[in-house]
Amino acid sequence: MSMLDFLKQEMIDSEILSGIEEFRRRYPIKTTTLSRCPRYLYYGKAIWEQAAAALLCGENILLTGSKATGKNVLAENLAAVFGRPSWNVSLHINMDASYMIGTDTFQDGQVTFRPGPVYQCAQEGGFCVLDEINMARNEALAVLHSILDFRRVIHVPGYGELPLHDASRFIATMNYGYAGTRELNEALSSRFVVIQMPEISNENLEKLITREFPSMKKEYVKQFCGLFQDISQKCLGGEITSRVLDLRGLLDAIRLIQTGLSPYSALDMGISNKTFDSYEQTLIKDIIASRISPKISRKAVFSE
């Protein structure tokens with residue numbers, strides 16, 4: 001199933017779908033440079049429509065929200081559905097502008113310019129994901145100002161300017177409250193439209209698990225979805241930390257069960273052991289026990 005077929009199945013607005021198809025026709029690209037097929041699909045009609053509409057308008061997007069809301073999954077999905085190559089820049093406190101834009105390097109006996117991911121994205125009309133944008137220093141991010149506003153140009157000292165390809169878009173992600181994060185500079189945040197990512201709904205989580213594990217019995221799809229929602233509620237109530245709210249960890253645990261590992265061992269590896277506090281581990285194990293029997297086996301969870 002293609003990404004466009006997936007969006008049609010999710011009942012995305014027909015005008016937005018037509019806009020995406022027109023975008024792909026207007027900016028054709030060699031298939032060898034396309035971003036890889038997404039590992040996971042993002043489920044959420046309203047968010048899909050907001051993000052796609054913004055990109056069609058030429059806007060750049062800032063995805064903000066708590067852990068396990070699918071920010072990076074959506075960014076990857078957007079690049080795929082728009083048919084663009086993508087670059088991911090994982091930002092951190094020691095990141096500098098030269099890494100993003102490019103720097104001089106010595107090659108074949110002469111100094112040449114080695115383009116960075118932002119430069120390559122601008123040149124080839126790709127989508128660039130600026131991951132955890134509020135972890136980088138403001139002075140390092142200042143280089144993005146002329147790229148993200150109406151100028152749409154990269155200034156490269158010693159090499160002139162590079163106008164952005166018309167199809168280039170930037171998608172930033174950020175979490176609040178993590179160690180090393182900071183308030184995003186107002187001058188930078190004003191250059192994005194902001195989408196607040198909601199927690200995955202039970203309905204969409206069921207879709208995701210069913211797609212990933214089509215042989216899982218329906219009653220266990222519901223139980224594992226309920227387990228994730230139980231953990232989410234405990235996190236919201238402050239009873240446990242968000243460290244264990246890990247959707248990837250849940251999917252990894254189900255995959256281990258499918259391979260033949262006992263459910264409790266798999267869920268320990270995917271969820272419980274994500275916290276190193278013994279008391280919190282006990283609380284997580286109690287939540288798991290309320291949903292998943294220690295006696296079940298792979299045969300009970302999956303159809304043959």
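User: How many disulfides does the count come to?
Analyst: The count comes to zero disulfides. Keep in mind that this is a predicted model.

User: Is Cys121 buried or exposed? And Cys128?
Analyst: Cys121 counts as buried, because its relative accessibility is 0%. Cys128 is also at 0%, so Cys128 counts as buried. The cut-off for buried is under 20%.

User: Switching to the sheet. What's the strand order?
Analyst: The order is β2-β5-β8-β1-β9. It is an open sheet of five strands with parallel pairing.

User: Which strands are at the edges?
Analyst: β2 (86–90) and β9 (193–196). Each of them pairs on one side only. From one strand to the next, the twist averages 20°.

User: How many bridges join β1 and β9?
Analyst: Four, in the parallel sense. β1 covers residues 61–64. Across from Val194 in β9 stands Leu62.

User: Which strands does α6 lie across?
Analyst: α6 (residues 117–124) lies across β2, β5 (127–131) and β8 (169–174). Helix α6 runs at about 160° to β2.

User: Now helices on helices. At what angle do α2 and α3 pack?
Analyst: At about 45°, with the axes 10 Å apart. α2 is residues 14–26 and α3 is residues 45–56.

User: Is the crossing left-handed or right-handed?
Analyst: The crossing of α2 and α3 is left-handed.

User: Which residues meet there?
Analyst: From α2, Ile16, Gly19, Ile20 and Phe23. They meet Glu49, Ala52, Ala53 and Leu56 in α3.

User: Last one. Where does Glu139 lie?
Analyst: Glu139 is in helix α7, residues 138–141.

User: Buried or exposed, that Glu139?
Analyst: Glu139 is exposed, because its relative accessible area is 56% and the exposed cut-off is over 50%.

User: How far is the C-alpha of Glu139 from that of Ala300?
Analyst: Their C-alpha atoms are separated by 56 Å. Along the chain, Glu139 and Ala300 are 161 residues apart.

Conventions. Residues are numbered from 1 along each chain as its sequence is written. This is a predicted model: local features need pLDDT of at least 70, side-chain atom pairs count only at pLDDT 80 or more; totals for chains, interfaces and linings use all residues. Side-chain values use heavy atoms; hydrogens and water are left out. Two strands pair if DSSP finds at least two bridges between them. Helices (H or I, at least four residues) and strands (E, at least two) are DSSP runs, numbered from the N terminus. Axes are lines fitted to C-alpha atoms, for helices over the stretch in contact, and angles run from 0 to 180 degrees between N-to-C directions. Contact means heavy atoms within 4.5 Å. A disulfide is a pair of cysteine sulfur atoms within 2.5 Å. Buried means under 20% relative accessible area, exposed over 50%, partly exposed in between (1.4 Å probe, protein chains only). A crossing is left-handed if the near helix is turned anticlockwise from the far one by less than a right angle, and right-handed if clockwise.
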